[in-house]
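Subject: Structure for you to look over

Dear colleague,

Please find below the sequence and the structure that I promised to pass on. Once you have had a look, read on for what was found.

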Amino acid sequence: MDLKARFTKVIKENKGLIFKVTTLYTDGEQDRKDLYQEIVYQLWKSFDSFKEQSKLSTWMYRVALNTAIYHLKQTKKRIQTVPIDFKTDRFDETKDKVEEERIKLLYEHIQRLNLLERGIILLYLEGKSYEEIASIVGITTTNVGTKISRIKKKLKSEMSSSKN
Amino acid sequence: MKIMELEEMKNTWNELSKRVEKQELQTDQIIEKMTQQKYHSKLNKISYSEYAGTIICYIGAAYLIVNFAKIEETLMQIFTIIAILLLFILPVISLKSVRIMKNVEISSKTYLEAINHFGKQKIRFQKLQKLNVSLGLFLLLISVPVLSAIQGKNISETPYFWTLIFPFSILFFLVFAYWVMKSYNKVLNATEEMLSEINQ
């Protein structure tokens with residue numbers, strides 16, 4: 001299989017990963033599409049030099065998250081993004097409005113976290129191990145544990161205060 | 001809705017993942033563009049508008065150089081030399097600050113390194129932009145008498161120049177500079193705060 005075919009296969013298999021990163025770091029449809037393209041481009045640029053030294057998903061998350069950080073400057077002067085506008089056509093039509101609400105709520109609260117916390121919780125929710133999170137983020141495994149429990153508390157208190 | 005526990009959040013996230021898999025993301029077209037090198041990254045590219053600004057400044061400087069002989073008064077000649085120098089320096093500062101933000105090596109950094117690098121770049125960029133805006137406003141201020149001198153007009157003879165126009169221009173200049181600096185400082189402070197929070 002040639003490079004392009006291999007790359008296409010990798011992107012297609014991991015499009016969900018890129019989509020979720022783009023949604024967490026942007027605040028509009030066009031901005032999200034721009035970031036999606038930029039991430040695919042940055043992955044393509046380093047795909048050739050990626051020699052399986054690290055796990056494929058580690059490399060992909062690292063490039064996707066880092067691109068999202070540098071992309072922040074393209075569209076906004078501020079560091080924090082604003083809560084996303086969930087359009088009904090954002091996902092496939094769903095009858096489950098409660099689930100839709102839950103996803104929206106979760107996204108909004110994650111977006112209020114600082115950039116480091118946002119990246120860590122994304123990886124945690126994606127089911128990454130502490131070791132893998134540590135390797136992508138660049139902190140120790142112990143620190144990952146500490147940060148996750150801090151984020152848990154933060155999210156819990158944010159959610160309860162927004163509920164009241 | 002009850003408060004979500006982290007495990008519930010994971011379930012909600014998994015639900016989201018399932019939906020995302022059904023999304024049409026035009027991956028083929030995007031990859032086609034990348035591989036045929038038709039896509040231009042915005043992260044590493046300096047835009048045409050940034051080059052256009054440089055060209056405009058250099059045209060302005062050339063205009064002043066060509067017309068320098070028409071200026072007789074020494075003070076105006078000094079102002080003209082300052083204006084020419086500023087017109088050469090401003091685009092250099094501007095392009096330098098833009099380059100700082102564009103010079104990015106994404107895949108070799110960890111996420112934390114990327115955040116720190118981005119934050120530091122942003123601070124340097126804002127500082128250079130602040131310098132640029134200050135010098136730009138000063139250029140605007142001195143260009144009025146310089147252009148009048150080139151056209152052979154003596155602005156001191158303009159009615160109310162010293163009593164009204166000049167003090168109000170200075171006042172406007174200071175208020176505008178203060179307003180611009182305030183907004184730059186706001187971004188600078190937010191970035192510094194973000195960096196210190198991240199590195200706690």
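Before the helix pairs are described, one definition is needed: an axis is a line fitted to C-alpha atoms, for helices over the stretch in contact, and an angle between axes runs from 0 to 180 degrees between N-to-C directions. Helices (H or I, at least four residues) and strands (E, at least two) are DSSP runs, numbered from the N terminus. Please bear in mind that this is a predicted model, in which local features need pLDDT of at least 70 and side-chain atom pairs count only at pLDDT 80 or more, while totals for chains, interfaces and linings use all residues. Residues are numbered from 1 along each chain as its sequence is written, and chains are lettered from A and ligands numbered from 1 in the order in which they are written.

Helix H1 (residues 3-13) of chain A packs with H2(B) at an angle of about 140°, their axes being 11 Å apart. That angle makes H1(A) oblique to H2(B), given that angles under 35 degrees count as roughly parallel, over 145 as roughly antiparallel, 65 to 115 as roughly perpendicular and the rest as oblique. On the H1(A) side the contact is made by A:Lys4, A:Phe7, A:Thr8, A:Ile11 and A:Lys12, and on the H2(B) side by B:Thr27, B:Ile31 and B:Thr35, where contact requires C-beta atoms, placed from the backbone, to lie within 7 Å. These residues divide into three nonpolar, three polar and two charged (Ala, Val, Leu, Ile, Met, Phe, Trp, Tyr, Cys and Pro count as nonpolar, Asp, Glu, Lys and Arg as charged, and the others, Gly among them, as polar).

As for the interface as a whole, 45 residues of chain B are in contact with 51 residues of chain A. On the chain B side, the elements that give two or more residues are helices H1 (6-21), H2 (27-35), H5 (111-150) and H6 (161-198), and the largest share, 11 residues, comes from H1(B). By class, that side has 26 nonpolar, nine polar and 10 charged residues.

Within chain A, the axes of helix H2 (residues 15-25) and helix H3 (residues 29-47) come within 9 Å and cross at roughly 135°, which makes H2(A) oblique to H3(A). This crossing of H2(A) with H3(A) is right-handed. A:Gln30 has its place in helix H3 of chain A, and it counts as exposed because it has 9 C-beta neighbours inside 10 Å (buried means 20 or more other C-beta atoms within 10 Å of a residue's own, exposed 12 or fewer, and partly exposed in between, with C-beta atoms placed from the backbone).

Chain B has six helices and zero strands, and buried residues make up 17% of its 200 residues. B:Tyr160, in the loop between H5 and H6 of chain B, has a phi near 60°, a positive value in a residue other than glycine. With 10 C-beta neighbours inside 10 Å, B:Tyr160 counts as exposed.

With best wishes

Conventions. Left-handed = near helix turned anticlockwise from the far one by under 90°. Contact = placed C-beta atoms within 7 Å.
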